[in-house]
Amino acid sequence: MGHFIRSSKMSVLFSLRGKKKKKEKDSRRENMKDSLLDEDEAAVPEGCMAVYVGAEMRRFVIPTSYLRLPLFRVLMESAADEFGFDQVGGLRIPCDEEDFTELLKTTKKTMKNSRKTFFLAGLSVTNGWASSAPNLQRNLGILSSEEIGLAMMLLREGQKHLFDHWPEPGVDDKRKKGFFDQVAQLNANYPGGLASYIQNARKLLADSKAGKNPYDGFTPSVPTGEVLTFGNDNFMMLEEAGVREARRAAFVLVAGGLGERLGYKGIKLALPSETTTGRCFLQHYIESILALQEASCRLVQGQCEAEIPLVIMTSDDTHESTLLLLESNYYFGMKTTQVKLIKQEKVACLTDNDARFALDLNDKYKIQTKPHGHGDVHALLYSSGLLNSWQSAGLKWVLFFQDTNGLLFKAIPASLGVSSTKGYHVNSLAVPRKAKEAMGGITKLTHTDGSEIVTNVEYNQLDPLLRATGHADGDVNCETGFSPFPGNINQLILDLGPYIKELSKTQGAIAEFVNPKYKDSTKTSFKSSTRLECMMQDYPKSLPPSAKVGFSVMDKWLAYAPVKNKPEDASKVPKGNPYHSATSGEMAIYKANCLILRKAGVHIADPVTDIFNGQEVELWPCITWSPKWTSTFRDVKRKVGECCSISQRSSMIINGQNIFLDGLSLDGALVVNANDQAEVKVTGYVQNKGWALEHVDYKDISIPEETRIRGFKVCKIEQLEINYADPGKFCFKS
């Protein structure tokens, strides 16, 4: 077998032969060393030796310790083969002067940064450590010392199967080197390296096989939090408090996934949240943050130039597309300095209970990988240094949210107000939840040692946990018609100071879990590969008992309408359960806007029902507005006058900050556009043929994906559109 060590300009080879030849070579090296050290000792410093390199015989003085390194052993053999042992006046090296200079630079750097790895590479090759993986052993010659160190770690951790298919040196060498490039990256990305990942996986897989309860020793009980009633005085007070605090907040958007689960090939952030305007989720989020930024500054006395930061956690799958979406739309009006992208890396997949890595089905020189989970966002924020810079800038809050909930920002102001007024270190946004509904429940857990935490417990764990701790019926609805354990919607508000303090201890590491799908009851093999995962909302599990952890519950129609299921899956959901599809997500936006206007005094006609892509939904008037029109319910009440009415078949789009509805009766489609310096009052009776929703078949591939996954398209038959581009006060009366 051979051993190659490459710099950018040279490759040198030495061979390790049988034991007899090894003894001969050792003897030759000792003779060579003695011959070299017989040279005039006054000519070189102690512990060094002189060598001559290149056509011009340039003299170099190098440490004799270099003779122990694989790089120089190669050169010693080459010198002996070409010039013999009896060289007089110094050792000639058969090497170009430029290559040798570069070799010295590489060696000095390696000796400084990787002494241990070089020692292992140089000395341990002869100790038979690779004998359990003969195909790897034959290929050691093409690997660098760093790669050999990684190979040793893999064998030590039971991963020799990764090399079973490796052919002889000279075949697929670049792909073999590429394999170690991936291993090095996976090793660097995980705290403690791949050895820690494998060891953690073995423990969690053993616990899973044994059926160990992760909540052993804990007793669940109903937690205490804030239950808000939309539109009452307390709600509006909290909204105002939240808007005031918004200028001291940073937003973190977790957006590492593609839309494949929705039947959409693009990134989910690019999917239109609704189709009357075509405003995509990312545009909606950014415009909502900018609206909060402006509203917050208006509430503060004196000059306010706050710029709310937005961090987007991407992945290999979404990073470039997210950046392109931002750049091609000029960041949707946000300054480029406000937006930061941090990329999540993947982790290795596992094939069995021994945590053996899975090879990619399409590339035998690549380990199969999957996302580690959105819990990585905490470690990424910690390592990025952003948290400390935010604190230095006077920020107080960090708000985490996910990528396809078009209602979220209707709940943000009041929830932030709760965090501010209650002094919560952690505030989880929640909604009423039906018993056994497929969403985690916010739960108070009391351990046998007396410690308590308030955290998310996944729905498939909550019911068994309740039954195991004396609640015979498990998770059941109470007199309200909902479970007493509110539904977690994976939106968090954290107090920045305690958050930094906690992450300084944990470096952002979140408790992991594994969820293998076993082939049978023996739990000895998997249906498909698995991996370790972590969840953003599990952050509170690491907090001390002194942490103030609470939650804010709001009506589901106001705060939660995720888009995450493709049509064929949504159509199979039992009647009465949420579809969580593009169809239901868009209809939820119209419903929420209608109910908000209805609460403000507008007469909104009742909805009718229709079926799109096999999903029965309510059809409310298609009403949307840009975030700058209103950030709070108090703003809506201020901008809507008396005697307004909207029929069920109507559609209305409001684009502008200072648009007021007063005595408007709408039966058709109305679009109002006004710049921020124009104040427009719309009144009178507007009637036209309006817009209609036309059914489409999601299987019809001639229709764009973003349309057919909804099951309908908006046909704009007739509308009234009024535009005000100039500053001033205007009144439109139809």
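R649 forms a salt bridge with D667, and their closest N and O atoms are 3.0 Å apart; a salt bridge here is a side-chain nitrogen of Lys or Arg within 4 Å of a carboxyl oxygen of Asp or Glu. The model is predicted, so local features need pLDDT of at least 70 and side-chain atom pairs count only at pLDDT 80 or more, while totals for chains, interfaces and linings use all residues. Residues are numbered from 1 along each chain as its sequence is written, and side-chain values use heavy atoms, with hydrogens and water left out. Helices (H or I, at least four residues) and strands (E, at least two) are DSSP runs, numbered from the N terminus.

**Salt bridges**

- R649 is partly exposed, because its relative accessible area is 34%, whereas D667 is buried at 17%; buried means under 20% relative accessible area, exposed over 50%, and partly exposed in between (1.4 Å probe, protein chains only).
- Salt bridges that share partners also join D172, R175 and D363 into one network.
- Across the whole structure, a search finds 35 salt bridges.
- One of them connects the side chains of E168 and R138, at 3.0 Å from N to O.
- That pair also links distant parts of the chain, 30 residues apart, with E168 in the loop between α6 (145-156) and α7 (173-189) and R138 in helix α5 (residues 134-138).
- E168 counts as partly exposed because its relative accessibility is 43%, and R138 is partly exposed at 32%.
- R356 and D352 form a salt bridge through their side chains, again with 3.0 Å from N to O.
- In this pair, R356 has 32% relative accessibility and so counts as partly exposed, while D352 has 14% and so counts as buried.

**The parallel sheet**

- An open sheet is made of 5 strands in the order β23-β27-β29-β31-β35, and the pairing is parallel.
- β23 (603-604) and β35 (728-733) stand at the edges, each with a single partner strand, so one side of each has no neighbour in the sheet.
- Strands of a sheet pair through backbone hydrogen bonds, either parallel or antiparallel.
- Strand β29 (residues 659-667) pairs with strand β31 (residues 678-687) in the parallel sense over 7 bridges; two strands pair if DSSP finds at least two bridges between them.
- Within this pairing, I659 has V680 in β31 as its bridge partner.

- N613 lies in the loop between β24 (608-612) and β25 (615-619).
- N613 counts as buried because its relative accessibility is 11%.
- A polar atom of the N613 side chain lies 3.0 Å from the backbone oxygen of R708.
- The N613 side chain also reaches the backbone oxygen of I709, at 3.2 Å.
- Apart from neighbours within four places in sequence, N613 is in contact (heavy atoms within 4.5 Å) with P567, S571, T583, V696, Y698, R708, I709, R710 and G711.

**Helix α12**

- The buried residues in helix α12 (residues 376-384) include D376, V377, H378, L380 and L381.
- An α-helix has 3.6 residues a turn, so residues three or four places apart point the same way.

Conventions
A polar contact is a pair of N or O atoms within 3.5 Å; within protein, one must be able to donate a hydrogen and the other to accept it, and residues adjacent in sequence count only if both atoms are side-chain atoms.
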